[in-house]
Amino acid sequence: MTNRFNVKDKVVLITGGSRGLGRAMSLAFAAEGAKVVVASRKVAACEALANEIRNSGGEAMALECHVGKWDTLEKVIDAVVAAYGRIDVLINNAGMSPVAPSLLETTEALVDKILDINLKGPLRLTALAATQMAGTGGGAVINISSLAAQRPAPITTAYSAAKAGLNALTAAAAQEFAPVGVRVNCIVCGTFDTDAAAAMVGNADILPHIVEPIALQRIGNPEEVVGAALYFASDASSYTTGACLTIDGGVRP
Ligand SMILES: NC(=O)c1ccc[n+]([C@@H]2O[C@H](COP(=O)([O-])OP(=O)(O)OC[C@H]3O[C@@H](n4cnc5c(N)ncnc54)[C@H](OP(=O)(O)O)[C@@H]3O)[C@@H](O)[C@H]2O)c1
């Protein structure tokens, strides 16, 4: 029987691929036979993971990439195509979620940084990658969003707005690129045990408040995002585009 989740030999670019959810997805796609491009600002960390993948018999390369620098992103896509001849899957995973004391104390510089990394970078990479994919028969874009988009909190207003924008980008880009065979979907994450969440998760006073409304009564392990990513990257989701799939352990409505 055909494995509709097959991603073997697909070229998969994962921004923020070196740590956290990105690392889990890099390892999982490589284990499934994909050619993984691990991209982040600190290329040494990407190289270390790419080496780990190659040492386990997988295929991977490291790529320096700052998703907040719009003008550099064309070179990122070009580098993937130069190495592997194509790009099949883009995972817009890199993000940052700084806590701001209040809206009035949120500076323009901070808002710009949050929007640049969580929204503008993914928008630009989606445009460039989908255009490239269109020339090779299609592909898939997966945006990594946050429950903060749907349940905004005052301490993360700009982040929530950026991720809500990412959800809207998913819907709009799905419409724009469907005619050329590119599907665009989104994974909406609850709380996962990564560096980004460490300050909250590591705080014994805060953790119970995070866990309390979660049906499964725990936060997620990074590996638990992988199934959804493989689904959106593969033919298993061939009739799905513009969708947002929430993975949050069942947070109470
Ligand atoms: N963890 C959660 O609870 C949670 C919840 C909801 C949504 N999310 C979303 O999930 C995604 C991954 O988060 P995570 O928790 O895995 O974060 P993480 O553990 O902090 O890892 C972030 C990754 O992104 C890279 N990165 C950061 N800024 C970048 C930039 N400007 N350009 C390129 N790469 C950059 C980092 O590497 P370098 O430092 O080398 O750049 C690292 O590989 C984010 O979009 C986040 O908003 C996470």
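Tutor: Start with the partners of Val11. Setting aside neighbours within four places in sequence, Val11 is in contact with Lys35, Val80, Tyr84, Arg86, Ile87 and Asp88. Contact means that two C-beta atoms, placed from the backbone, lie within 7 Å. The model is predicted: local features need pLDDT of at least 70, side-chain atom pairs count only at pLDDT 80 or more, and totals for chains, interfaces and linings use all residues. Residues are numbered from 1 along each chain as its sequence is written.

Val11 sits in strand E1, residues 11-15. Helices (H or I, at least four residues) and strands (E, at least two) are DSSP runs, numbered from the N terminus. Val11 counts as buried because 24 other C-beta atoms lie within 10 Å. The cut-offs: 20 or more other C-beta atoms within 10 Å of the residue's own is buried, 12 or fewer is exposed, and anything in between is partly exposed, with C-beta atoms placed from the backbone. Arg86 is 75 residues from Val11 along the chain, yet 6.8 Å away in space, C-alpha to C-alpha.

Step back to the segment before E1. Asp9 lies there. Asp9 is exposed, because it has 11 other C-beta atoms within 10 Å. Its backbone is worth a look too: phi of Asp9 is near 70°, a positive value in a residue other than glycine. Most residues other than glycine have a negative phi. Gln217 has a positive phi as well, near 60°. Gln217 is in the loop between helix H7 (207-211) and helix H8 (226-233). Its C-beta neighbours inside 10 Å number 10, so Gln217 is exposed.

Now the core. Leu13 is in contact with Val37, Ala39, Val80, Ile87, Leu90, Ile91 and Ala129, neighbours within four places left aside. Leu13 belongs to the largest nonpolar core, which has 70 residues. Such a core is a set of buried Ala, Val, Leu, Ile, Met, Phe, Trp, Tyr and Cys residues joined through C-beta atoms within 7 Å. The members that touch the most others are Val12, Leu13, Val36, Val37, Val38, Ile91 and Ala229. In soluble globular proteins, nonpolar side chains tend to be buried together.

Leu125 lies in helix H4. With 26 C-beta neighbours inside 10 Å, Leu125 is buried. Helix H4 (108-134) is among the elements that cover the buried residues of H5, together with E5, strand E6 (182-189) and strand E7 (244-247). H5 (157-177) has 21 residues and spans 30 Å from first C-alpha to last, close to the expected 30 Å. The expected span is 1.5 Å times one less than the number of residues.

Turn to helix H1. H1 runs over residues 20-31 and reaches 17 Å, close to the expected 16 Å. H1 is mostly covered, with 11 of its 12 residues buried. Ala31, in H1, is partly exposed, because 15 other C-beta atoms lie within 10 Å. Ala31 and Gly58 are 27 residues apart in sequence and 6.6 Å apart in space, C-alpha to C-alpha. Gly33 follows H1, with a positive phi near 95°.

The ligand is surrounded by 30 residues, the closest being Gly16, Gly20, Arg41, Gly95 and Thr194. H1 and strand E5 (139-146) each supply at least two. By class, the shell has 12 nonpolar, 14 polar and 4 charged residues. Ala, Val, Leu, Ile, Met, Phe, Trp, Tyr, Cys and Pro count as nonpolar, Asp, Glu, Lys and Arg as charged, and the others, Gly among them, as polar.

Last, the whole chain. Buried residues make up 44% of its 253 residues. Among contacts between residues at least 6 apart in sequence, 73% join residues at least 24 apart.

Conventions:
A residue is near a molecule or strand if its C-beta atom, placed from the backbone, lies within 6 Å of it.
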